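Please read the following account alongside the sequence and the model. It moves from aromatic pairs to charged pairs and then to a sheet.

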Amino acid sequence: EQDRDVQFGFIGDAAGFIWATFACEGLARIDPTAGRVLAVWSANELGGCPWTVLPAGDGGVWVGMFAGLLAHIGPDGEVRSDGPRVESGTALFRDRSGQIWIGTREHGAFRLVEAPDPAVTAVAGLPSRTVVAFAEDGAGRIWIATDRGVAVWQNGVVSDMTARGFPAVPTRAFLADGERMWVGTFGAGLAVESASVLKLVASWM
């Protein structure tokens, strides 16, 4: 039985099952209807402590590790060695085009194309190499949260918002709201981007 005290990330797949990471306790696939665990992968099997998980295009999943290389579990449940060599992937996100974004603790961000063979491209120009979250807005821009501010990727070009005066503080959460993007920070309150202007709108009162 998994130690629920160290549960970090979970996501549903197309089959209706839940994948849940339990740090160094491993990864579990759960049937939420029956309320039972279908399969468990240990940290040793995965090659690291699983932190985040994302459905893969082949019906399996990608698993990001707090410490260890990105893992790929195929639809047959086997841990495969065909994944890109990206270490400490603690944020995974799939955009509307199907491209996967990987954020790491200390190696920056990467774009992953799954087919025909998994391949990654590094994302340059970020305010920090510690990346914690991604989001996509209505225009297809990718917002990248780091521990020193936020950046926006569009058509291969990265805009570092700290260079435009946005505080270089940890960014923790995004919410796409039509034409606006809300940005939650640690230390500068809440910000919103509208009409290409990102500004602080509230702090804790």
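Tryptophan 101 is buried, with a relative accessible area of 0%. The model is a predicted one, and the values below were computed from it. Tryptophan 153 is likewise classed as buried, at a relative accessible area of 12%. The cut-off for this class is under 20%.

A search of the whole structure finds 6 aromatic pairs. One of them is stacked: phenylalanine 93 and phenylalanine 134 have 6.5 Å between ring centres and 20° between planes. Phenylalanine 93 belongs to strand 9 (residues 89-94) and phenylalanine 134 to strand 13 (residues 131-136), so this pair ties together parts that are 41 residues apart in sequence. Phenylalanine 134 is buried, with a relative accessible area of 10%.

Tryptophan 101 and tryptophan 153 also form an aromatic pair, here edge-to-face, with 5.0 Å from centre to centre and 70° between the planes. Because tryptophan 101 lies in strand 10 (residues 100-104) and tryptophan 153 in strand 15 (residues 149-154), the pair ties together parts that are 52 residues apart in sequence. Ring pairs link these two tryptophans, Trp101 and Trp153, with Phe93 and Phe134 into a cluster.

Arginine 105 lies over the face of phenylalanine 66, at 4.0 Å from the ring centre.

Next come the pairs of charged side chains. Side chains of opposite charge can pair when their charged atoms come close. The structure holds 8 salt bridges. In one of them, arginine 29 is bonded to aspartate 13 as a salt bridge, and the closest N and O atoms are 3.2 Å apart. Of the two partners, aspartate 13 is buried, at a relative accessible area of 15%, whereas arginine 29 is partly exposed, at 21%.

A salt bridge also forms between arginine 80 and aspartate 58, with 3.6 Å between the closest N and O atoms. Arginine 80 is in strand 8 (residues 79-80) and aspartate 58 is in the loop between strand 5 (50-55) and strand 6 (61-65), so parts that are 22 residues apart in sequence are tied together by the pair. Arginine 80 is partly exposed, with a relative accessible area of 32%, and aspartate 58 is partly exposed at 34%. A network of salt bridges links Asp58 and Arg80 with Asp76.

Arginine 180 and aspartate 177 form another salt bridge, in which the closest N and O atoms are 2.6 Å apart. Arginine 180 is partly exposed, with a relative accessible area of 36%; aspartate 177 is partly exposed, at 30%.

Leucine 54 stands opposite tryptophan 62 in strand 6.

Note on methods
Residues numbered from 1 in each chain as written. Predicted model: local features only at pLDDT ≥ 70, side-chain atom pairs only at ≥ 80, totals over all residues. Heavy atoms only, no water. Salt bridge = Lys/Arg side-chain N within 4 Å of Asp/Glu carboxyl O. Buried < 20%, exposed > 50% of the residue type's maximum accessible area, 1.4 Å probe, protein only. Helix = DSSP H or I, 4+ residues; strand = E, 2+ residues; numbered from the N terminus. Phe/Tyr/Trp six-rings, centres within 6.5 Å; stacked < 30°, edge-to-face > 60°. Lys NZ or Arg CZ within 6 Å of the ring centre and 35° of its normal. Pairing = 2+ DSSP bridges.
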